[in-house]
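Please keep the sequence and the coordinates in view while reading.

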Amino acid sequence: MKNVFRCLVILICLIVSAGLVFATDTQPPAQDGMLPEITLPVPKNSAHQDYLWVTGKTSFTIPQVKAEVVIIEIFSMYCPHCQREAPAVNKLYKKIENNRKLKGRVKLIGIGAGNSDFEVSFFKKKYRIPFPLFSDADFSIHEKLGSVRTPYFIAVRINKDGTHRVFYSKLGAIKDTDQFLNMISGEVKRDE
Amino acid sequence: MKKLFKISAVSATFLFLFIAPVFGLSEVFKNNIYNPGNLKPVDSVLKVKVGEPAPDFTLPSISGEKVSLSSFKGKKNVVLSFVPAAWTPVCSDQWPGYNIVKEIFDENDAILLGITVDNIPTLFAWTNLMGEKLWFPVLSDFWPHGAVASHYGVLRSEGISERALFIINKNGVISYIKVADINKRPKLESIVSELEKLRNRE
């Protein structure tokens with residue numbers, strides 16, 4: 001009887017451990033893989049609503065953004081690299097908006113890991129960030145994305161049928177924005 | 001029974017190892033962050049209260065100067081930010097944020113003093129990684145070990161301080177105390193709303 005009990009205890013411990021490992025040890029999105037489902041609130045700013053084309057809803061998921069490619073930056077206002085890189089990411093946005101082939105087809109958003117609405121809006125104002133930023137105060141999105149360090153960039157190809165594919169998923173700043181945009185252009189052209 | 005205990009202990013360790021640390025996540029610190037795991041949220045008893053005069057102290061700072069709390073009396077509101085330890089996850093992810101909000105402090109006639117119980121060389125090396133030179137003084141409450149933290153009632157049993165915020169008005173009176181869960185970063189807005197309250201009262 002004692003043995004049965006012992007085995008049961010071991011079994012329960014193992015199951016619980018395994019469950020937790022799978023629950024918390026989420027990996028970052030893999031290249032050529034899918035994005036976990038992330039629900040974001042529709043921004044209050046109407047220019048941002050128009051940019052993402054998510055008007056008339058209260059929340060949306062990434063594949064619902066009207067774009068062929070969505071670039072997601074995972075940042076934090078508490079992260080020195082993200083602070084330093086903020087002007088470079090703004091430049092990336094401007095380059096996309098000034099490129100006739102990419103404007104309207106490639107959209108950029110930021111998600112503030114562990115940052116409250118107040119913290120995200122401070123960061124946005126401080127660095128005059130022109131693209132939409134979203135808060136993730138309780139780290140729930142961050143955990144779904146494998147608790148990556150920051151800054152972390154993910155680029156997702158969104159297909160016409162609503163399916164999607166991650167084609168860039170890397171830790172660290174984008175060092176060469178032109179090279180990065182070339183790669184994005186390649187993705188956009190691929191289906192033409 | 002002993003075996004049962006052993007199994008539980010092993011499972012507990014196993015679980016603990018796999019709980020992913022979410023803070024300290026800036027790339028800047030790379031692999032230099034030591035993760036102490038989840039700690040008891042609060043492990044000390046406050047010895048000061050809102051409405052009481054803040055106990056004065058003089059501590060050495062990483063710039064070489066000594067800083068006294070009383071030197072700000074009549075001039076500035078003071079925010080004391082105690083963080084538990086250099087090179088740990090949440091702490092490394094707190095002051096870099098304060099480093100970009102100098103304007104909020106300026107607008108509210110306030111100064112920030114960062115304090116830990118680490119020694120000066122450690123604080124120097126650690127804060128050097130926080131981007132641009134920090135605009136606020138970083139003070140070392142290393143010797144006598146944690147004396148100021150202990151005076152305020154935020155020294156924990158393992159010899160580190162709590163993650164605590166004290167806001168002291170220009171009259172030297174404590175107007176706000178927040179002893180946060182050591183495992184979590186307090187939101188910036190808690191400081192901002194208190195500073196704005198002080199400004200509106202003036």
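In chain A, among contacts (heavy atoms within 4.5 Å) between residues at least 6 apart in sequence, 63% join residues at least 24 apart. The model is a predicted one, in which local features need pLDDT of at least 70 and side-chain atom pairs count only at pLDDT 80 or more, whereas totals for chains, interfaces and linings use all residues. Residues are numbered from 1 along each chain as its sequence is written, chains are lettered from A and ligands numbered from 1 in the order in which they are written, and side-chain values use heavy atoms, with hydrogens and water left out.

Chain A contains six helices and seven strands; these are DSSP runs, numbered from the N terminus, with helices being H or I of at least four residues and strands E of at least two. Along the sequence, their order is α-β-α-β-β-α-β-α-β-α-β-β-α.

Chain A has 192 residues, and 49% of them count as buried, that is, under 20% relative accessible area with a 1.4 Å probe and protein chains only. The accessible surface of chain A (Shrake-Rupley method, 1.4 Å probe) is about 9,900 Å², and carbon and sulfur atoms account for 56% of this area.

Over all chains, the structure holds one disulfide, a pair of cysteine sulfur atoms within 2.5 Å. This bond links Cys79(A) with Cys82(A), at an S to S distance of 2.4 Å. Because the torsion about their S-S bond is about 85°, the disulfide of Cys79(A) and Cys82(A) is right-handed. Both Cys79(A) and Cys82(A) are buried. In chain B, Cys91(B) also counts as buried, because its relative accessibility is 1%.

Methods
Buried means under 20% relative accessible area, exposed over 50%, partly exposed in between (1.4 Å probe, protein chains only).
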